[in-house]
Amino acid sequence: MQFGNAPSEGNDLAAYTLQTGQSWYSVKGDSWTVSIDNPGTRKVAEFWQDLKDKGLVSKSGNAWDPKFNKAATAGKVLTFVNASWAAGGLKSDLKGLSGKWRVAPMPTWEAGDGKSSSNGGSATSVMNGCKTPREAVQFADFLSSDPQAVKTGIESGLYPASKAGQEDPSLTGGDPYFGGQKVGDVYKASAAQVPSTWTNGPTYQQVQTDLTGAMGKGTLPEAVTEVQASTVAAIKKLGLSVTNG
């Protein structure tokens with residue numbers, strides 16, 4: 001039996017780090033500070049590496065990965081940590097397990113902590129060069145605020161960031177796949193506990209790429225140390241001021 005899957009790419013590690021209240025970037029004056037190798041990320045990396053070494057988690061796989069699906073169908077997966085949107089992967093890929101899953105708050109590092117996190121997400125953006133930017137912004141606003149538009153997103157498996165959207169009646173009922181559980185209540189409580197400490201930096205895609213590669217070659221703690229250095233170098237290459245955090 002396994003406890004789901006260990007972090008296998010950069011976004012996973014970022015999500016767990018967010019829960020600790022740490023951030024990989026910060027700004028002081030006109031200079032960036034890179035803190036990928038911070039106490040929170042290191043705690044996360046060491047925890048999951050220990051589970052990997054003990055064979056308590058799969059090395060890779062997720063709710064849409066054939067390896068995960070095969071193990072889950074065989075009854076070898078006890079639990080896994082992911083965002084609310086991952087429920088869509090379970091419902092589409094593991095139809096035969098309907099009624100056997102339940103949703104729970106994210107495990108915390110300390111009892112009573114309550115902090116949660118977010119993993120991924122989506123945004124509606126207006127691209128540079130758009131011929132009708134005013135109308136495009138109005139449409140983006142409509143998608144995120146109009147009750148029917150929000151409801152359509154919810155029906156497609158999205159969980160709204162807006163507090164008004166979280167009150168949509170479609171989120172208050174029981175979900176048959178999860179045994180009739182009112183999963184919207186769990187999502188709502190969790191969303192309120194996501195720390196607001198994260199800062200996105202100028203080279204996040206480089207961090208994501210480098211971490212994913214490093215995690216595939218060595219241990220998670222080794223990847224954290226390696227990408228701390230590669231990120232400082234990447235920001236310097238952009239001609240920006242940067243220091244080690």
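The legends below describe close-up views of a predicted model.

Local features are given where pLDDT is at least 70, side-chain atom pairs count only at pLDDT 80 or more, and totals for chains, interfaces and linings use all residues. Residues are numbered from 1 along each chain as its sequence is written, and side-chain values use heavy atoms, with hydrogens and water left out.

**View 1. An open sheet of three strands.**
The strands follow the order β1-β2-β3, with mixed pairing. Strands are DSSP runs of E with at least two residues, helices are runs of H or I with at least four residues, and both are numbered from the N terminus. Two strands pair if DSSP finds at least two bridges between them. β1 (25–28) and β3 (242–244) each have a single partner strand and stand at the edges, so one side of each has no neighbour in the sheet. On average, neighbouring strands are turned by 30° against each other, direction ignored.

**View 2. The pairing of β1 with β2.**
Strand β2 covers residues 31–34 and pairs with β1 in the antiparallel sense over four bridges. Tyr25 has Val34 in β2 as its bridge partner.

**View 3. Helices α1 and α2 where they cross.**
Two packed helices are described by the angle between their axes and the distance between the axes. The axes of α1 and α2 come within 8 Å and cross at roughly 120°. Axes are lines fitted to C-alpha atoms, for helices over the stretch in contact, and angles run from 0 to 180 degrees between N-to-C directions. Leu13, Tyr16 and Thr17 in α1 meet Thr41, Val44 and Trp48 in α2; contact means heavy atoms within 4.5 Å.

The whole structure holds eleven aromatic pairs. Rings of Phe, Tyr and Trp (its six-membered ring) pair if their centres lie within 6.5 Å; planes under 30 degrees apart count as stacked, over 60 as edge-to-face and the rest as tilted. The centres of the Tyr16 and Trp48 rings are 5.3 Å apart and their planes stand at 40°, so this pair is tilted. Tyr16 lies in helix α1 (residues 10–19) and Trp48 in helix α2 (residues 39–53), so the pair ties together parts 32 residues apart in sequence. Both Tyr16 and Trp48 are buried (buried means under 20% relative accessible area, exposed over 50%, partly exposed in between, with a 1.4 Å probe and protein chains only). Phe47 and Trp109 form an edge-to-face pair, 5.3 Å centre to centre with 85° between the planes. Phe47 is partly exposed at 38%, and Trp109 is partly exposed at 29%. Ring pairs link Tyr16, Phe47, Trp48 and Trp109 into a cluster.
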